[in-house]
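Please look through the entry below before reading on. The numbered points that follow take up the metal site and then the sheet.

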Amino acid sequence: MHLKGLQLTWLGHATFRIVTPGGRTVIIDPWIMNNPMCPASEKKVKHVDILLCTHGHGDHIGDAVEIIKQHNPQVVGIPELCGWLQKKGAKKIAMMNKGGTQTLGDIKVTMVHADHSCGIQDGDQLIYGGEACGFVVEFENGVKIYHAGDTNVFGDMAIIRELYAPEIVMLPIGDHFTMGPREAAYACNLLKPTTVIPMHFGTFPVLTGTPGELQKLVLGIEVVAMKPGATVSN
Ligand code: NI
Ligand code: MN
């Protein structure tokens with residue numbers, strides 16, 4: 001995996017923190033304080049400039065409102081989800097929809113499709129949250145990372161490869177609520193990344209997929225099985 005100065009930390013489940021060479025902090029899917037996979041040393045969010053939210057399920061935006069209150073980051077998501085976060089106190093909304101790309105400082109964010117659902121549980125209410133999505137992020141050093149969010153494999157991942165060619169992909173492999181290793185291996189055939197970082201496994205007993213199972217199914221692609229709290233930078 002060639003990060004060219006990015007510092008990439010997995011906080012467990014679908015949550016990643018990326019610090020850019022320019023010193024900006026991006027968090028994808030903020031489920032941190034209440035994320036059982038996140039190590040105690042990482043539970044306090046020290047800083048965030050840009051918050052990317054793939055969809056409204058609690059295991060992805062469960063701590064978004066609290067983090068927004070503390071740090072007032074730019075919030076990127078689909079309009080319905082951003083509208084809800086705005087009602088909960090988000091001030092700097094950078095909403096977008098699928099197929100769109102926006103530049104935030106020196107990073108480019110493209111919203112892409114995901115095959116999943118997207119209700120927001122707000123107390124005893126279930127709010128319409130738009131649709132689930134993924135993101136392709138291009139950093140100032142040229143590195144492109146695709147975070148698939150929660151999704152099944154879908155044929156248009158081939159379009160993501162052809163249009164954006166992300167070399168690093170973060171794919172859910174846990175099964176049950178998303179792809180398992182078999183589907184994720186098929187996704188790798190469509191995306192042809194150099195590196196895949198498995199996510200969304202092991203958090204709950206039903207998320208049974210493992211990086212080892214994925215590695216057996218993909219040839220010529222590096223499977224980087226990170227530990228929650230681990231940082232990769234090179
Ligand atoms: Ni979900
Ligand atoms: Mn999920």
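1. Along the sequence, the donor residues of the nickel ion (ligand 1) follow the spacing H-x1-H-x58-H-x33-D. His 55 sits in the loop between strand E4 (50-52) and helix H1 (58-61), and Asp 150 in the loop between E12 and helix H4 (157-164), so this pair ties together parts that are 95 residues apart in sequence. Note that the model is predicted.

2. The protein donor atoms to the nickel ion (ligand 1) are NE2 of His 55, ND1 of His 57, NE2 of His 116 and OD of Asp 150, at 2.2 to 2.3 Å from the metal. His 55 and Asp 150 are both buried.

3. What is the geometry of the nickel site? Angles among the four donor atoms run from 90 to 173°, and the site is irregular. Four donors count as tetrahedral if all angles lie between 85 and 135 degrees. For comparison, ideal tetrahedral angles are 109.5 degrees.

4. An open sheet of seven strands has the order E7-E8-E11-E12-E13-E14-E15, with mixed pairing. Strands E7 (101-104) and E15 (222-223) stand at the edges with a single partner strand each, so one side of each lacks a neighbour in the sheet.

5. Thr 103 stands opposite Lys 108 in E8.

6. Helix H5 (residues 181-191) lies across strands E12 (144-147), E13 (168-172) and E14 (195-199), and runs at about 155° to E13.

How values were computed. Residues are numbered from 1 along each chain as its sequence is written. Chains are lettered from A and ligands numbered from 1 in the order in which they are written. This is a predicted model: local features need pLDDT of at least 70, side-chain atom pairs count only at pLDDT 80 or more; totals for chains, interfaces and linings use all residues. Side-chain values use heavy atoms; hydrogens and water are left out. Two strands pair if DSSP finds at least two bridges between them. Helices (H or I, at least four residues) and strands (E, at least two) are DSSP runs, numbered from the N terminus. Contact means heavy atoms within 4.5 Å. Axes are lines fitted to C-alpha atoms, for helices over the stretch in contact, and angles run from 0 to 180 degrees between N-to-C directions. Donors are N, O and S atoms within 2.8 Å of the metal (3.2 Å for Na, K and Ca); water is not among the atoms, so sites may look incomplete. Four donors count as tetrahedral if all angles lie between 85 and 135 degrees; four count as square planar and six as octahedral if opposite donors are over 155 degrees apart and all others between 65 and 115; anything else is irregular. Buried means under 20% relative accessible area, exposed over 50%, partly exposed in between (1.4 Å probe, protein chains only).
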